[in-house]
Amino acid sequence: MELTLLGTGGPDGLPMPGCPCAACALAVGRGTRAPTAVVVDGVVLLDLTPGVALAAARAGQPLGGLRLVLLSHPHDRPPVEIPPGLPAPARVPDGQRLPLTTGHRVRAVATDAPGTGYAIESPGGLRALYLPPGCGPAGIANGDGPPYDLVLLDVVGRPDALARLRAAGSVTGTTDVVAVHLDHGAPPEPELTRRLAALGARAVPDGTTLIVGDYQDVPDVPRRTLVLGGARSGKSAEAERRLAAFPDVVYVATGGTREGDEDWARRVAEHRERRPAGWRTEETCDLVPLLAASDGPPLLIDCLALWLTHVMDTAHAWDDPAWRTGAAREVHARTAELTAAWRATHRTVVAVTNEVGSGVVPPTPAGRRFRDELGHLNAALAAESEHVLLVTAGLPLPLR
């Protein structure tokens, strides 16, 4: 089964007409995207968009053999001109099945926002799923069938929809997940490719033909990702984005609670509101057992600087005499234990930490000690990480 993507952009395309934003200004050349429309084996067209005939001609995809033209979402724009010879476009009721004389089978899939998704099965049994912009599946998207071979959806706008498909078994490690409906909410390249790869997805240019079942190079999600940044740099939000498309994430909060500290309570509340509803929170500094578990959902640890603060508190390492008489050995043993667990873990894990040492030198010996120990810990974990990011002003810079 072959799917030709005549467009991969949002309903208004990219750049969006008249939009002065930076993302639209950077969308030039191969970065431009027409509204998403997909031709399946030359017999089914998913979404009729402006200029579809010209886009098909550029992609070398004839439209004369189309048997079915399906719309996936409400159109509040002027009607699109239907090229001569094309079947009348239609949206079909959720759950309706449409067998074609070519041997293809199409099923309308219910979504959690206005729109209709479509599951398509080839005569040979290959399966693809197409979801409208801004939509996730409502209920079981695969109809109790096997996992899909290819899924096209709004990964950037609805990573939780991908998480839901994974939780239901509709998407597995061998499913080719391709992001479509890309608009100015998506980061420009090369960050788009990096962000999608962290979610186990990819994007392709307009005009690309995907051969379902032949794509073997599914993006390999990094097992260990370390996200560094200064205060209010956006590092926590970036770490959360790296796991937004996975179900049942365990959010490991190392900060605990602070009695009577209203500002701290507000910060914690902001974090909780930003997390997907399906994530579970554990407030603990006992990280080694979590990393040592042989299986389990992904971990998000926020943050290592607070973990080190707890370790130094426990060891009384802020006191100079105590540091010289045993606290240093205790702190170093705990950080070595954490590093070894990080290196050996089989779980997908993203950890947040503070980047230190780039500004004012702390005025106290205890402050300088903490700066030095956190720097050593960051370097040790970075050396054992597949993916390392430095976030500055909300922008992630890949270091590895």
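Tutor: Let's start with what counts as a helix or a strand: helices are DSSP runs of H or I with at least four residues, strands are runs of E with at least two, and both are numbered from the N terminus. Keep in mind that this is a predicted model.

Student: On that basis, how many helices and strands does the protein chain have?

Tutor: Ten helices and 18 strands. The C-alpha trace spans about 85 × 45 × 40 Å along its principal axes, and 49% of the 400 residues count as buried.

Student: What makes β5 and β10 edge strands?

Tutor: Look at the order in their sheet, an open one of six strands with mixed pairing: β5-β6-β7-β8-β9-β10. A pair of strands needs at least two DSSP bridges. β5 (97-99) and β10 (176-179) each have a single partner strand, so one side of each has no neighbour in the sheet. From one strand to the next, the twist averages 15 degrees.

Student: How do you know that β6 and β7 are paired?

Tutor: Set the count against the cut-off: two bridges would be enough, and β6 (residues 105-110) and β7 (residues 116-121) share six, in the antiparallel sense. For a spot to look at, V106 stands opposite I120 in β7.

Student: Which strands does helix α3 touch?

Tutor: Helix α3 (residues 159-167) packs on this sheet against β8 (127-130), β9 (150-153) and β10, and its direction makes about 155 degrees with that of β9.

Student: What about the other sheet: which strands are at its edges?

Tutor: That open sheet has seven strands, with mixed pairing again, in the order β14-β13-β15-β16-β12-β17-β18. β14 (280-283) and β18 (395-398) are the edge strands, as each pairs on one side only. Neighbouring strands here are turned by 20 degrees against each other on average, direction ignored.

Student: What makes β15 and β16 partners?

Tutor: Same test. Pairing asks for at least two bridges, and four join β15 (residues 299-302) to β16 (residues 349-354), with the strands running parallel. L300 is opposite V350 in β16. Helix α8 (residues 304-315) lies across β12 (224-229), β15 and β16, at about 70 degrees to β16.

Student: Now some charges. Why does D47 have no salt bridge?

Tutor: A salt bridge needs a Lys or Arg side-chain nitrogen within 4 Å of a carboxyl oxygen of Asp or Glu. For D47, the nearest side chain of opposite charge is R91, at 7.8 Å, and D47 is buried too.

Student: Which side chains make polar contacts with D47, then?

Tutor: D47, in the loop between β3 (44-46) and α2 (52-58), has a 2.7 Å polar contact with the side chain of S72 and one of 2.6 Å with the side chain of Y130. Both values pass the 3.5 Å limit for a polar contact. Among the residues that D47 touches are T36, L70 and H73.

Student: What makes R224 and E386 a salt bridge?

Tutor: The N to O distance is 2.6 Å, and the limit is 4 Å, so the pair is in. It links distant parts of the chain: R224 is in strand β12 and E386 in the loop between α10 (365-383) and β17 (387-392), 162 residues apart.

Terms used
Residues are numbered from 1 along each chain as its sequence is written. This is a predicted model: local features need pLDDT of at least 70, side-chain atom pairs count only at pLDDT 80 or more; totals for chains, interfaces and linings use all residues. Side-chain values use heavy atoms; hydrogens and water are left out. Axes are lines fitted to C-alpha atoms, for helices over the stretch in contact, and angles run from 0 to 180 degrees between N-to-C directions. Contact means heavy atoms within 4.5 Å. Buried means under 20% relative accessible area, exposed over 50%, partly exposed in between (1.4 Å probe, protein chains only). Lys and Arg count as positive and Asp and Glu as negative; His and the chain ends are not counted. A polar contact is a pair of N or O atoms within 3.5 Å; within protein, one must be able to donate a hydrogen and the other to accept it, and residues adjacent in sequence count only if both atoms are side-chain atoms. Lists of a residue's contacts leave out its neighbours within four places in sequence.
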